[in-house]
Amino acid sequence: MRELTLRQVEVVRAVMIAGTIQGAADLLNVSAPGISRLIKHTESGLGIRLFERKAGIFVPATEAHAIFAMLEQVHRQMDNLNVAVSALQKGHRFTLSFASAPSIAQFIAARVIRGLRQRFPDLDIDLDILKIEETLDYLLLEKGEVVIMSSHLDNPGIQCTPIGEGRIVAIMPEGHVLAQKLAVSIHDLVQYPFIGVDPSDPYGQTLARPFDDAGLTPRHAMRGRFAQTIVSLVRHGLGVAVIDEFSVAEVYMAGLVRRPLVEPATITAWSVQKRGRQLSSFAEQTVTLFRRELGRARARERWDQPAD
């Protein structure tokens with residue numbers, strides 16, 4: 001053996017500090033015979049004497065003083081390395097940039113960021129809210145690592161992975177006649193002023209699908225571009241709507257009533273990234289947390305009950 005391993009460096013230094021085999025064993029929380037054998041093996045392999053034994057005390061050999069000085073340097077560098085690793089584990093000096101569709105950002109993204117903050121307390125987080133037409137530039141120009149979307153993107157430079165599925169639900173203002181039902185049909189919804197998203201928009205197409213399947217065309221009293229706008233208009237008593245359940249995933253939403261649709265309809269959430277780009281461990285954890293939180297939202301049955 002001509003080279004020291006990091007384990008040997010650690011043991012030799014412990015003996016130097018403690019002055020005894022037992023003291024070194026206590027420092028490293030290992031058995032004394034194991035320390036003794038490793039010291040003998042190290043000296044034999046190097047062909048030099050590291051310690052002099054004086055009345056049971058291990059004293060650095062005169063010829064090994066230069067080695068022990070360098071061992072201290074190695075130990076300090078290892079300490080610095082461990083500090084750097086610890087900082088990285090907490091997210092120190094790293095900025096995670098990702099984006100989300102508005103429908104997912106309001107409640108689900110906030111829960112994801114809370115989970116990230118608990119695991120990586122020093123991580124800088126840059127969350128963008130994107131329209132679907134902004135996603136390509138965001139990813140291909142590497143402004144961020146990943147986008148959580150409610151629509152699939154068909155582009156050879158982009159990779160889309162489904163990470164969750166949610167229901168399309170009916171929403172109405174408190175006190176509305178439809179709020180007395182346990183479940184609402186799209187045939188009921190088209191009888192009232194309807195608030196929707198332009199069906200030419202990918203998100204709007206998803207929301208319109210249950211009506212299309214039934215051969216119905218709701219007459220829009222008004223339209224909004226984003227889920228938050230639709231929810232706000234309904235809460236203010238301006239009409240009824242259908243929306244993805246992620247957009248109304250809060251426990252309590254004053255002024256709003258949520259009901260499952262009689263006709264089954266779903267929406268898929270996608271993790272979208274630049275094809276071939278390796279995500280950071282922080283971005284991978286973000287996608288994992290989105291998958292978990294989307295699943296939790298899907299599993300909840302928190303529909304407000306009709307008044308007696």
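How many helices and strands are there in the chain? The predicted model has ten helices and eleven strands.

## Overall dimensions

The chain has a radius of gyration of 31 Å, whereas a compact globule of 308 residues would have one near 19 Å. Along the principal axes, the C-alpha atoms fill a box of roughly 100 × 50 × 25 Å.

Of the 308 residues in the chain, 45% are buried. Among the contacts with a separation of 6 or more, 74% are between residues 24 or more positions apart.

The accessible surface of the chain is about 15900 Å². Carbon and sulfur atoms account for 52% of that surface.

The structure holds four aromatic pairs. One of them joins Phe-120 and Phe-282, whose ring centres are 4.8 Å apart. The planes of these rings stand at 85°, over the 60 degrees required, so the pair is edge-to-face.

Phe-120 lies in the loop between helix 5 (102–119) and strand 4 (124–129), and Phe-282 lies in helix 10 (residues 281–299), so the pair ties together parts that are 162 residues apart in sequence. Are these two residues buried or exposed? Phe-120 has a relative accessible area of 9% and is therefore buried, the limit being under 20%. Phe-282 is buried as well, with a relative accessible area of 4%.

## The pair of Phe-194 and Phe-211

Phe-194 and Phe-211 form another edge-to-face aromatic pair, with 5.3 Å from centre to centre and 75° between the planes. Phe-194 belongs to strand 7 (residues 194–196) and Phe-211 to helix 8 (residues 202–213), so this pair ties together parts that are 17 residues apart in sequence. Phe-194 counts as buried at 3% relative accessibility, and Phe-211 is buried with a relative accessible area of 2%.

## Ser-150 in a loop

Where is Ser-150 placed? Ser-150 is in the loop between strand 5 (146–149) and strand 6 (158–173). With 11% relative accessibility, Ser-150 counts as buried.

When neighbours within four places in sequence are left aside, the contacts of Ser-150 are Ala-101, Ser-103, Ile-104, Tyr-203, Ile-267, Thr-268 and Trp-270.

## Gln-106 in helix 5

Gln-106 lies in helix 5. The relative accessible area of Gln-106 is 37%, which lies between the 20% limit for buried and the 50% limit for exposed, so this residue is partly exposed.

Gln-106 is in contact with Gln-228 and Ser-247, again leaving aside neighbours within four places in sequence. Val-197 is 91 residues from Gln-106 in sequence, and the two are 18 Å apart in space, C-alpha to C-alpha.

Note on methods
Residues are numbered from 1 along each chain as its sequence is written. This is a predicted model: local features need pLDDT of at least 70, side-chain atom pairs count only at pLDDT 80 or more; totals for chains, interfaces and linings use all residues. Side-chain values use heavy atoms; hydrogens and water are left out. Rings of Phe, Tyr and Trp (its six-membered ring) pair if their centres lie within 6.5 Å; planes under 30 degrees apart count as stacked, over 60 as edge-to-face and the rest as tilted. Helices (H or I, at least four residues) and strands (E, at least two) are DSSP runs, numbered from the N terminus. Buried means under 20% relative accessible area, exposed over 50%, partly exposed in between (1.4 Å probe, protein chains only). The radius of gyration is taken over C-alpha atoms; the globule rule is 2.2 Å times the number of residues to the power 0.38. Contact means heavy atoms within 4.5 Å. Accessible areas come from the Shrake-Rupley method with a 1.4 Å probe; for residues, only the protein chains shown count as cover.
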